[in-house]
Amino acid sequence: ALGAPLPTGVPPAPQSVDPAPPDVAPGLSGQVEAFLGASKWGRYDRVTAVLVNVDGAAVTEYRRPDLPESPREVTGVTAAVLVALVGILLERGELGADGLAGVRQPLERLLPAPLPEPLAAAGGTRLHDLLVGTSVGDVAALSAVLTAATGRPVPDLARELLFGPLGIDPPWTGAGPAVSAQDMARLGALWLDRGSVGGRQLVPAAWIDTTTRPYAETGRRRLPYAGYRQWVTRAGGHTANVFTGDDAQLVEVVPGLGLVVVVASAPDPDPEVAIPASSEAFVEMVDSVIVPGLG
């Protein structure tokens, strides 16, 4: 049933990503490269990096030598940052007085009056309803909620409450943080470890569980459900949650396997192609190549 809990994460793994032993998933790197090179139309030519981490250890790292990676804003990662901050503020009592249960309250009960733009037209809307959606949804309203609750700019909140403890420092653009593949992997690990970083509970574990439930159907075959600003799907029969970007970017977390997969991409394919791959193609790669390749 929609809204029912799915299997939750594995026990927290070490935050540092260490090289895996050479006998872990032998041949997986070649399988990933074969997948990326399989399209004669060059649909995957914008991909700059693919990272595969299991239980905090790097199993495979693909880098395209002729197209260096540069940090970019990834819509789904921006959404993940905002969702994590909402959970932190709810637990602290800075968004109403009901803790995490406050997510079911209307915005008027959580924020000081009057509601600021772009929330003024959202009278009676529950915070839950604002959160349900996919990672490519408009996140301006969530930013407004965070600023109205704290009186602080979202980039400052993100640096203090998330980025510092995660050991990353992405610059904030007009749209969100410009993240590298490694930054994306660390944010994915935060979801994998149910909000824990290096033994410290950074985001409430119960909040991470709440964000990954399938609240709404999307009608998409490979990304069938929406959680809190993320997709909910399956990979090799295991529940997975996915954050995507506009240009074939991906963070996929498969808790039952301890798996985090990151795909970083350039804005445009090189050379140009008529129909470049979408993020959904890499959800297929996780399901059909990476999970079987892990054995």
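Is Phe163 buried or exposed in this structure? With a relative accessibility of 1%, Phe163 counts as buried. The model discussed here is predicted. Its chain has 295 residues, and buried residues make up 55% of them. The secondary structure consists of nine helices and 13 strands.

**Confidence and overall build**

- The pLDDT of the chain averages 88, and 89% of the residues reach a score of at least 70. Over residues 1–23, however, the pLDDT is below 50. That stretch has 51 contacts in the model beyond near neighbours in sequence.
- When contacts between residues at least 6 apart in sequence are considered, 63% join residues that are at least 24 apart.
- The chain has an accessible surface of about 12000 Å², and carbon and sulfur atoms account for 52% of this surface.

- In soluble globular proteins, nonpolar side chains tend to be buried together.
- The largest nonpolar core of this chain holds 61 residues, and the members that touch the most others are Leu127 and Leu162. Helix H2, which spans residues 75–92, gives the most to this core, namely twelve residues.
- Neighbours within four places in sequence aside, the contacts of Leu127 are Val86, Leu90, Leu95, Val103, Gln105, Leu107, Leu110 and Val145.
- There is also a second, separate core of 32 residues, and among its members are Phe35, Tyr44, Val50 and Trp231.

**Helix H1 and its cover**

- Helix H1 covers residues 28–36, and its residues Leu28, Val32, Phe35 and Leu36 are buried. These four lie on the same side of H1, because they cover an arc of only 95° around the axis.
- An α-helix has 3.6 residues a turn, so residues three or four places apart point the same way.
- The buried residues of H1 are covered by elements including strand E2 (47–54), strand E3 (57–63) and helix H9 (279–293).

**Aromatic pairs**

- A pair of aromatic rings is described by the distance of the centres and the angle of the planes.
- Six aromatic pairs are found in a search of the whole structure. In one of them, the ring centres of Phe35 and Tyr44 are 5.2 Å apart and the planes stand at 25°, so this pair is stacked.
- Both partners are buried: Phe35 has a relative accessibility of 13%, and Tyr44 has one of 12%.
- Another pair joins Phe163 and Trp172, whose ring centres are 6.2 Å apart; their planes are at 40°, so the pair is tilted. Phe163 is buried, whereas Trp172 is partly exposed, with a relative accessible area of 21%.
- Phe35 and Tyr44 also belong to a cluster that ring pairs form with Phe282.

**Glu280 in helix H9**

- Glu280 is located in helix H9. Its relative accessible area is 17%, and the residue is therefore buried.
- Apart from neighbours within four places in sequence, Glu280 is in contact with Arg220, Arg221, Arg222 and Leu223.
- Helix H9, where Glu280 is placed, is also part of what covers the buried residues of H1.

Key
Residues numbered from 1 in each chain as written. Predicted model: local features only at pLDDT ≥ 70, side-chain atom pairs only at ≥ 80, totals over all residues. Heavy atoms only, no water. Buried < 20%, exposed > 50% of the residue type's maximum accessible area, 1.4 Å probe, protein only. Helix = DSSP H or I, 4+ residues; strand = E, 2+ residues; numbered from the N terminus. Arc of directions from axis to C-beta. Contact = heavy atoms within 4.5 Å. Phe/Tyr/Trp six-rings, centres within 6.5 Å; stacked < 30°, edge-to-face > 60°. pLDDT = per-residue confidence, 0-100. Areas by Shrake-Rupley, 256 points an atom, 1.4 Å probe, with all protein chains shown as cover. Core = buried A, V, L, I, M, F, W, Y, C linked by side-chain atoms within 4.5 Å.
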